[in-house]
Amino acid sequence: MSQKIDLTQLNPEQLNAVKQQMDQQLQHFSQSLHALNVARSKFKECIEDIKTVSRDDNSGQSLLVPLSGSLYVSGKIHDNKKFMVDVGTGYYVDKSAEEAIQFYQKKVDKLSKESVQIQDIIKEKNLSSLAIENQLRLAAVRQQEQIAAAQKS
Amino acid sequence: MSAEQIAQEYTKLQSELEELIVARQKLETQLQENKIVSDEFEGLKDDATVYKLIGGVLLPVEMFEAKGNVEKRLEFIEAEIKRCETNIEAKQQDVALARDGLMKLRSQQQ
């Protein structure tokens, strides 16, 4: 999608338009990156939760089960080595603690990879944005000089 | 047609095109989500217990049934994407035509 544009060939209006477009893209990618990191930390939390709950001293542990945001009943962990994992689109799968951790770790790894990709894109866009700004400044200087020259003659 | 009408037609076409593109993006999200689920099912042991959330209840479903279901959904979504893309192409042509018309009119007026 990175078509080559010779910035020196553009007039200030066009430069402004390109810059706006670039800024929009930058914003979009920054938002995506943020969403990705939020999702990743959620999955990481899941891994920690599994590790905590599946500890041997937590078997048969009693706990409070939330029925609503402010209502709880007391419960007991029946099997602290078995988890039910939401795999998406309304499907849930029974997994052992190890399998569940694997499942989430895979997701975290994937998101980390994508996060790096997006960061690279953002870096690249930032550079382009700077280049455009530079050209804009040059164009402004040129225009000033032209006006000055016109006034003299 | 007056210039105004053509301009209106052009903006209308443009917003229609945008709608189609949004629809296409939604389909892509669904496709990716279902692909993830499908991949997960492929990696499961055959005796794994799978549940489907229906309303507020989790119902146990057979593994092959769940697999088939997701497969079918993937096919459906892919077909929808194809349909959506042909629509987008057609709309893009319409928009280009409208733009040409508008340009011609503008240059005549000048």
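How does the radius of gyration of chain B stand against that of a compact globule of 110 residues? In this predicted model, chain B has a radius of gyration of 23 Å, whereas a compact globule of 110 residues would be near 13 Å. The C-alpha trace of chain B spans about 75 × 25 × 15 Å along its principal axes. Buried residues account for 6% of the 110 residues in chain B.

**Chain B on its own**

Chain B holds 2 helices and 2 strands, and from the N terminus on these elements follow the order α-β-β-α. If you look at contacts in chain B between residues at least 6 apart in sequence, 78% of them join residues at least 24 apart. One residue to look at here is F41(B): leaving aside residues up to four places away in sequence, F41(B) touches A66(B), K67(B) and V70(B).

**Where the two chains meet**

Let us bring in the partner chain. On the side of chain A, 8 residues are in contact with 14 residues of chain B. Two strands of chain A, β3 (82-88) and β4 (91-96), each supply at least two residues of the side of chain A that touches chain B. The largest share of that side, 4 residues, comes from β4(A). By type, the residues on the side of chain A that touches chain B divide into 4 nonpolar, 3 polar and 1 charged.

Which strands make up the open sheet, and in what order? The sheet has 4 strands in the order β3(A)-β4(A)-β1(B)-β2(B), with antiparallel pairing. At the edges stand β3 of chain A and β2 (57-61) of chain B; each has a single partner strand, so one side of each is left without a neighbour in the sheet. From one strand to the next, the twist averages 35°.

| Strand pair | Bridges and sense | One bridge pair |
|---|---|---|
| β3(A) and β4(A) | 6 bridges, antiparallel | F83(A) with K95(A) |
| β4(A) and β1(B) | 3 bridges, antiparallel | V93(A) with V50(B) |
| β1(B) and β2(B) | 5 bridges, antiparallel | Y51(B) with P60(B) |

The pair that joins the chains is the one between β4(A) and strand β1 (residues 50-54) of chain B.

Helices from both chains also meet this sheet. Helix α2 (residues 97-152) of chain A packs on the sheet and touches β3 and β4 of chain A, and its direction makes about 125° with that of β4(A). Helix α2 (residues 63-109) of chain B lies across β4 of chain A together with β1 and β2 of chain B, and runs at about 55° to β1(B).

**The turn at T89(A)**

Within chain A, β3(A) and β4(A) form a hairpin with 2 residues between them. T89(A) sits in the loop between β3 and β4 of chain A. Its phi is near 45°, a positive value in a residue other than glycine. For context, most residues other than glycine have a negative phi. Is T89(A) buried or partly exposed? T89(A) is partly exposed, because 17 other C-beta atoms lie within 10 Å, while a residue counts as buried at 20 or more and as exposed at 12 or fewer.

**Nonpolar cores**

The largest nonpolar core has 9 residues: V87(A), Y91(A), Y92(A), V93(A), V37(B), F41(B), V50(B), A66(B) and V70(B). At least two residues of this core come from each of β4 of chain A, α1 (3-42) of chain B and α2 of chain B. The largest share of this core, 3 residues, comes from β4(A). Apart from it lies another core of 6 residues, among them C46(A), I50(A), A100(A) and F103(A). More generally, nonpolar side chains tend to be buried together in soluble globular proteins.

**An exposed arginine**

Finally, have a look at R55(A), in the loop between α1 (12-53) and β1 (62-68) of chain A. R55(A) is exposed, because 12 other C-beta atoms lie within 10 Å, and 12 or fewer is the cut-off for exposed. R55(A) and E114(A) lie 59 residues apart in sequence and 32 Å apart in space, C-alpha to C-alpha.

Technical notes. Residues numbered from 1 in each chain as written. Chains lettered and ligands numbered in written order. Predicted model: local features only at pLDDT ≥ 70, side-chain atom pairs only at ≥ 80, totals over all residues. Rg over C-alpha atoms; globule rule 2.2 N^0.38 Å. Contact = placed C-beta atoms within 7 Å. Nonpolar A, V, L, I, M, F, W, Y, C, P; charged D, E, K, R; others polar. Pairing = 2+ DSSP bridges. Axes fitted to C-alpha atoms, helices over the stretch in contact; angles between N-to-C directions. Core = buried A, V, L, I, M, F, W, Y, C linked by C-beta atoms within 7 Å.
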